[in-house]
Amino acid sequence: MDNSRSKDTDTLECTSRNGTCKASCGENEIATDTACCNGLNCCEKPLCTDTLECTSRNGTCKASCGENEIATDTGCCNGLKCCEIPQCTDTLQCTSRNGTCKASCGENENATEIACCNGLKCCEKPLCTDDTECNCKSECDGIIEGEERAVSCCDNLKCCKPCTGVCGGNFTELIGSFSSSNYPCNYSINEVCLYRISVPVGNTITLTFTTFFLEPFPYDFVKVYDGGSINDLVLEYLKGGPFYGTTTQSTTNNMLVEFYSDFEVGFPGFNANYIATITGIRILNSNLINPSFC
């Protein structure tokens with residue numbers, strides 16, 4: 001029997017499986033059960049079908065994931081990790097509550113139960129804001145300063161803030177805030193105030209009423225339009241209150257907020273924040289400017 005022919009057949013079987021006959025297999029190769037001539041090993045590269053699954057999920061196979069990435073349960077070849085960027089839908093929820101996403105919260109802030117992207121914490125100012133936000137009193141005078149109802153003070157005191165006199169305005173920044181005239185004191189009678197928000201094309205607008213308290217139905221009201229005109233689609237038609245945290249989303253880069261008060265007594269009104277959203281992508285780690293009238 002010719003043993004050399006048998007050994008040559010082994011080598012052919014190895015190469016037909018995309019293997020290579022070597023004295024020792026490399027770091028990214030495996031020694032299969034197919035023998036080669038002259039005592040060599042049949043070295044094949046692993047099939048690596050899981051790498052494709054990682055990339056199809058917009059992940060990248062790496063030795064270690066970066067600071068803003070997470071290692072998913074999808075494995076990669078050669079011991080690599082499948083690293084994906086998290087979908088940051090929770091950051092907007094934090095900022096809509098006047099919170100800020102940070103690596104760690106400051107001395108006068110609380111880490112809420114809402115998580116932020118990339119392992120950051122949603123930091124809100126605590127309810128007890130005597131020294132930072134409010135002039136805390138048993139009663140606000142209602143003329144020079146009014147009660148901010150979305151914020152409370154320690155020991156059941158009221159949060160009193162100076163009243164403002166602005167009715168309407170134009171807003172073009174990516175993040176901003178505005179309020180009804182004379183807020184947080186009672187707004188004036190017989191008012192029509194228009195607040196126009198216009199951000200760059202390719203963005204939409206998320207508007208959040210952090211506080212809202214108008215004269216009960218059917219008198220004073222707020223309308224939110226999906227565009228820059230009162231002829232555009234009405235997104236919200238709000239009356240009464242009090243309520244907090246109502247959110248509205250535009251479909252364009254323009255939004256118009258109309259505030260109307262009749263000839264009778266005024267109420268505390270509203271305070272609102274807005275944030276721009278690149279179409280389909282949340283704005284990350286934006287420092288929402290908390291309204292302050294102090």
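This is a predicted model: local features need pLDDT of at least 70, side-chain atom pairs count only at pLDDT 80 or more; totals for chains, interfaces and linings use all residues.
Pro242 sits in the loop that runs between β18 (234–238) and β19 (246–249), and a cis peptide bond with omega of about 5° joins Gly241 to Pro242. Residues are numbered from 1 along each chain as its sequence is written, and side-chain values use heavy atoms, with hydrogens and water left out.

**The chain as a whole**

The protein chain has 3 helices and 21 strands. Of its 294 residues, 40% count as buried; buried means under 20% relative accessible area, exposed means over 50%, and partly exposed lies in between (1.4 Å probe, protein chains only). Taking the contacts in the chain with a separation of 6 or more, 58% come from residues 24 or more positions apart, where contact means heavy atoms within 4.5 Å.

**The loop between β14 and β15**

A cis peptide bond also joins Tyr183 and Pro184, again with omega of about 5°. Pro184 is placed in the loop between β14 and β15 (191–198). Neither is a glycine, yet phi is positive in Asn182 and in Asn190.

| Residue | Phi | Relative accessible area | Class |
|---|---|---|---|
| Asn182 | near 75° | 25% | partly exposed |
| Asn190 | about 55° | 53% | exposed |

Pro184 comes up again in the lining of the second largest pocket, together with Glu139, Cys140, Gly142, Gly146, Glu147, Arg149, Lys158, Cys185, Asn186 and Pro268. A pocket is found on a 1 Å grid over the protein atoms alone, as an open set of points with protein on both sides within 12 Å along at least five of seven lines, and lining residues have an atom within 4 Å of a point. About 170 Å³ of space lies in this pocket, the volume being the space filled by probe spheres set on the points, which are joined across faces, edges and corners. Strand β11 (residues 145–152) gives the most to the lining, with 3 residues. By class, the lining has 4 nonpolar, 3 polar and 4 charged residues; here Ala, Val, Leu, Ile, Met, Phe, Trp, Tyr, Cys and Pro count as nonpolar, Asp, Glu, Lys and Arg as charged, and the others, Gly among them, as polar.

Strand β14 (residues 175–179) is largely enclosed by the rest of the structure, because 4 of its 5 residues are buried. β14 pairs with strand β21 (residues 269–278) in the antiparallel sense over 5 bridges; two strands pair if DSSP finds at least two bridges between them. Ser177 has Asn273 of β21 as its bridge partner.

Phe270 also belongs to β21 and counts as buried at 0% relative accessibility. Leaving aside neighbours within four places in sequence, Phe270 is in contact with Phe178, Ser179, Ser180, Tyr183, Tyr195, Phe209, Thr211, Phe212, Val222 and Phe259. Phe270 and Val222 are 48 residues apart in sequence, and their C-alpha atoms are 9.3 Å apart in space.

Further along β21 lies Ile275, buried at 5% relative accessibility. Its C-alpha atom is separated by 9.8 Å from that of Gln249, 26 residues away along the chain.

Thr206 is buried, with a relative accessible area of 5%. Not counting residues up to four places away in sequence, Thr206 touches Leu92, Thr247, Thr248, Gln249, Asn273, Tyr274, Ile275 and Thr277.

**The hairpin of β5 and β6**

Strand β5 (residues 70–75) and strand β6 (residues 81–84) pair in the antiparallel sense over 3 bridges. Gly75 has Lys81 of β6 as its bridge partner. This hairpin has 5 residues between the strands, and Asn78 takes a positive phi near 60° there.

Technical notes
Helices (H or I, at least four residues) and strands (E, at least two) are DSSP runs, numbered from the N terminus. On a 1 Å grid over the protein atoms alone, a cavity is a set of points where a 1.4 Å probe fits but cannot get out, and a pocket is an open set with protein on both sides within 12 Å along at least five of seven lines; lining residues have an atom within 4 Å of a point.
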